[in-house]
Amino acid sequence: MEFTYGIDDRPGPAALLIFGLQWLAVSVPAILIIGKVVAALQTDGSAISYLQRLFLLIALVMLVQLYLGHKLPLVIGPATVLLIGILASLDQGFGAINASLVIGGLLLAGLAAAGLFDYLKRLFTPRVIVVVLMLIAFTLAPVILNLITDGGGTVPATHTFLFALAFALVLFLANGFLKGIWKSTLALWAIILGTLAYVVLFGAVPLPPADIAPLALPGGLLAPLAVPDVGVLAAFLICFLALAVNDLGSIQSVGGLLKADAMGERVNRGVTVTGLGNALAGITGVIGPVNFSLSPGVIAATGCASRFALVPAAVALGLVAASPLAIGYLSSIPGPVIGVVLAYVMAAQIAAGLMLGQESSAVGTFDEGLIIGIPLLLGTVVAFLPAAIAAGFPATVRPLIANGFVVGVIAVLVLEHIVYRRPQN
């Protein structure tokens, strides 16, 4: 492909601003979608402060990646796979969750910095990666269901469910017809137009208090830490394995598209920064970041491969983080709208898994189909496990046994490398 600007080219001020706004339109929805879900789990009512800290963290990690990390035009966002670990570990408290993020992030950064990441990559064959990508979507299905039936106590669940079905149909139709940058920024337009439609149908949504400050730094930058149980830490380490594969795939996909040089060094630096970013996320009490794989689509749509085009987007994210008022309005997006957009993003995740399976010929025999099918079904069943049953497991192993993603990943690794292991030529 021919690009107007290369990786290290610097566009003029006007072009830089335009490209930066386009990257910002891609970045904001992912932060809002995952950030709102985790912020709703906070027990101290600090949703606005949480989103401020998350926006600030993403802005900082993005800048570090652009100048010191992989140095590629890659958008950063909250890691969906870590959301699964957080949801499965809530009864252990956020102190244990934050400490697990710190430990997992430091381990990932250390492995990448020491050049040992290649040894871990051998575990993740194409079939294992297909399962990981699809499991993230399937095991988040209960979260999506809760969001699309959340009427905020004023709208019946049946009405919000029907609204979500109609909205999802419109969203997927738009995805089929739109092209270029309009398609790349569809999640942003869906949030805006979906919120307006919800207001028209069901009335006003809760707005931020009138006395909220227009400008203020987020409070409580240092989060509580507690020694995690073995089960919680093990569950998060498995999630970090999947996060590493996601990060690696994103960096390599953009590097391959742009034919970037020294990809080995870029991967090591990029994964190291991602690991340190997750450690910082644990210290500040927010969900950790990862490089997103949707970046090639944005680059192809805009024709701009300059990493510096993301700098204005990162700066803008930092400015949003400094405004509780802006965060307050952004956090007023209704739950059903967030749920539908999250379903749209997860459908893209499933499509990516299917495409990878087809390209790598991951399923050529019945046994290879079982390697993928059994973990997907098992993980989905565990994800819908009733809370009463999950509570019956010992607290130490509950984050492992009651975590559909962890169960699915362990199952696919056992099936791939032990049960149906193929002799190496």
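Start with Asn291 and His70: their side chains are joined by a polar contact of 3.0 Å. By polar contact I mean a pair of N or O atoms within 3.5 Å; within protein, one must be able to donate a hydrogen and the other to accept it, and residues adjacent in sequence count only if both atoms are side-chain atoms. This is a predicted model: local features need pLDDT of at least 70, side-chain atom pairs count only at pLDDT 80 or more, and totals for chains, interfaces and linings use all residues. Numbering runs from 1 along each chain as its sequence is written, and side-chain values use heavy atoms, with hydrogens and water left out.

Back to Asn291. A polar contact of 3.4 Å joins its side chain to that of Thr274. Asn291 sits in strand E2, residues 289–291. Strands here are DSSP runs of E, at least two residues; helices are runs of H or I, at least four; both are numbered from the N terminus.

Is Asn291 buried or exposed? Buried, because its relative accessibility is 0%. The cut-offs: buried is under 20% relative accessible area, exposed over 50%, partly exposed in between, with a 1.4 Å probe and protein chains only.

Next, Ser306. It lies in the loop between helix H13 (295–302) and helix H14 (311–321). Ser306 also has 0% relative accessibility, so it counts as buried. Its side chain reaches the backbone oxygen of Asp9 at 2.5 Å. The side chain of Ser306 reaches the backbone nitrogen of Phe308 at 3.2 Å.

Last, the end of H16. Ser361 follows that helix. The phi of Ser361 is positive, near 50°.
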